[in-house]
Amino acid sequence: MDQFPSHWVEFLGKNNLAGLSFCIPEENDQSGIGADLKLFSLEDAVQEANDFYPGIAAYPSGYIPVAICLVGSGDPYFIRSTDNVPGPLYRIYHDSCTESGLDKNAVEVVLQSYPDLLSYIEA
């Protein structure tokens, strides 16, 4: 991973969010299924992008891994380096990526603006 977007690094640091968990109810998740996730540390994000699918396939398309699902699927969540700041939070399913690349039809918007995560911090 060449460089982490400075706006995300600032967001994490300013709010002390690395490693925190969030629960987004179905009615607030743009994809309609709800989300329980934990934000990656920068080191974990780099590992997801370099060593695991879907990160390996998603990163070349501008998706930066930022969180992991806590309810069993392990599907990671992403921001996109090419989005306006602040941009959406995306979910990309493991089975949407292969060695041949990312199935862009399997990318779902969870939140329209990633700072909205602050409303869903779990105690």
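Residues are numbered from 1 along each chain as its sequence is written, and side-chain values use heavy atoms, leaving out hydrogens and water. Because the model is predicted, local features need pLDDT of at least 70 and side-chain atom pairs count only at pLDDT 80 or more, while totals for chains, interfaces and linings use all residues.

The chain has a mean pLDDT (the predictor's confidence in each residue, from 0 to 100) of 90, with 95% of its residues at 70 or more. Helices (H or I, at least four residues) and strands (E, at least two) are DSSP runs, numbered from the N terminus. Confidence is highest in strand 1 (residues 21-24), at a mean of 97, and lowest in strand 6 (residues 97-98), at 68.

Turning to the sheet, 6 strands form an open arrangement in the order 1-2-3-4-5-8, with antiparallel pairing (two strands pair if DSSP finds at least two bridges between them). Strand 1 and strand 8 (107-111) each have a single partner strand, so one side of each lacks a neighbour in the sheet. From one strand to the next, the twist averages 40 degrees. Strand 2 (residues 35-39) runs antiparallel to strand 3 (residues 63-69), and the two share 3 bridges. L37 has C69 of strand 3 as its bridge partner.

Key
Axes fitted to C-alpha atoms, helices over the stretch in contact; angles between N-to-C directions.
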